[in-house]
Amino acid sequence: MNFKNDFKVHNEWDRKILKSSEGKNRYYRVFVGDVTWNDGIERLACIVFIQHGNSEDWKTACKNREIVFDNPAHILFQDYEIVDKACKDLIARNSK
């Protein structure tokens, strides 16, 4: 595949797609999964991306260029609590 991250960095286990309070078609993609660090070791992490579109499937969202890779996820103050809750819920659900 010829996508920016070529699906090598992230192995999504579970996700929540949250509507941003800023504009139409803007979402936070909050997920837990394996992340391969520069040392080549996979670690479990909670990751937040900005997503323009609400495709649930990671590969579909990447193919549709919905995931924003060029900018860090900037969480608006008014959205912080829902993103924080999603992170905590996903971590609790997947750390058993």
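**Close-up views of a predicted model**

**View 1. Aromatic cluster of the predicted protein chain.** One aromatic cluster is made up of Phe-31, Phe-49, Trp-58 and Phe-69. The model is predicted. Across the whole structure, a search gives 5 aromatic pairs.

**View 2. The pair Phe-49 and Phe-69.** Phe-49 belongs to strand 3 (residues 42–51), while Phe-69 sits in the loop between strand 4 (67–68) and helix 2 (80–94), so the pair ties together parts that are 20 residues apart in sequence. Phe-49 counts as buried because its relative accessibility is 11%, under the 20% cut-off. Phe-69 has a relative accessible area of 28% and is therefore partly exposed.

**View 3. Elements and dimensions of the protein chain.** The protein chain contains 2 helices and 4 strands, in the order β-β-β-α-β-α from the N terminus. The C-alpha trace of the protein chain spans about 35 × 35 × 20 Å along its principal axes. Of the contacts with a separation of 6 or more, 49% join residues 24 or more positions apart.

**View 4. Surface and charges of the protein chain.** Buried residues account for 36% of the 96 residues. The accessible surface amounts to about 6,300 Å², and carbon and sulfur atoms contribute 51% of this area. The protein chain carries 16 positive and 15 negative charges, whose mean positions lie 3 Å apart.

Methods
Residues numbered from 1 in each chain as written. Predicted model: local features only at pLDDT ≥ 70, side-chain atom pairs only at ≥ 80, totals over all residues. Heavy atoms only, no water. Buried < 20%, exposed > 50% of the residue type's maximum accessible area, 1.4 Å probe, protein only. Contact = heavy atoms within 4.5 Å. Areas by Shrake-Rupley, 256 points an atom, 1.4 Å probe, with all protein chains shown as cover. Lys, Arg positive; Asp, Glu negative; His and termini not counted. Charge placed at Lys NZ, Arg CZ, Asp CG, Glu CD. Phe/Tyr/Trp six-rings, centres within 6.5 Å; stacked < 30°, edge-to-face > 60°.
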